[in-house]
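Thanks for passing this one along. Here are some notes to read with the model open beside you.

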Amino acid sequence: MLKRILVVEDSPENREILTIELEFQNFEVEVAVNGREAVEKARSFRPDLILMDISLPVMDGLEATRRIKADPETAHIPIVALTAHAM
């Protein structure tokens, strides 16, 4: 069962909504606000799942995903893309 989720989102409102809902569902949540921080926290927090925004400052979500998947320490972590660009 999933226990730890890394939420990667630069929008404070979206980050808060996701965090509140996930914590309500008893998940342990860590947040990152840019792609570089996401890569670092994937290694240190060891989440069971990453929810990754695509448009991020510093490093976008696609590049952060590539780096996480290229690292043998984090390659196994499932990543779900989040974006408002679909609309």
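1. Helices (H or I, at least four residues) and strands (E, at least two) are taken here as DSSP runs, numbered from the N terminus. On that basis the protein has three helices and four strands, arranged along the sequence as β-α-β-α-β-α-β.

2. Please keep in mind that this is a predicted model, in which local features need pLDDT of at least 70, side-chain atom pairs count only at pLDDT 80 or more, and totals for chains, interfaces and linings use all residues. Residues are numbered from 1 along each chain as its sequence is written, and side-chain values use heavy atoms, with hydrogens and water left out.

3. On overall dimensions, the C-alpha trace spans about 30 × 30 × 20 Å along its principal axes. Of the 87 residues, 37% count as buried, where buried means under 20% relative accessible area, exposed over 50%, and partly exposed in between (1.4 Å probe, protein chains only).

4. Now to the interior. A nonpolar core is a set of buried Ala, Val, Leu, Ile, Met, Phe, Trp, Tyr and Cys residues joined through side-chain atoms within 4.5 Å. The largest such core has 13 residues, and the members touching the most others are Leu-6, Val-8, Ile-50 and Met-52. At least two residues each come from strand 1 (4–8), helix 2 (35–45), strand 3 (49–53) and helix 3 (61–70). Helix 2 gives the largest share, three residues. There is also a second, separate core of seven residues, with Val-7, Val-29, Leu-49 and Leu-51 among them.

5. Val-8 deserves a look of its own. Setting aside neighbours within four places in sequence, its contacts (heavy atoms within 4.5 Å) include Ala-32, Asn-34, Ala-38 and Ile-50, as well as Leu-51, Met-52, Asp-53 and Leu-56. For the protein as a whole, 62% of the contacts between residues at least 6 apart in sequence join residues at least 24 apart.

6. Where does Pro-72 sit? Pro-72 lies in the loop between helix 3 and strand 4 (79–82). This proline is exposed, with a relative accessible area of 73%. From Pro-72 to Ile-50 the separation is 22 residues in sequence and 16 Å in space, C-alpha to C-alpha.

7. Last, the charges. Counting Lys and Arg as positive and Asp and Glu as negative, with His and the chain ends not counted, the protein has 10 positive and 16 negative side chains. The centres of the two sets lie 7 Å apart, each charge being placed at NZ of Lys, CZ of Arg, CG of Asp or CD of Glu.
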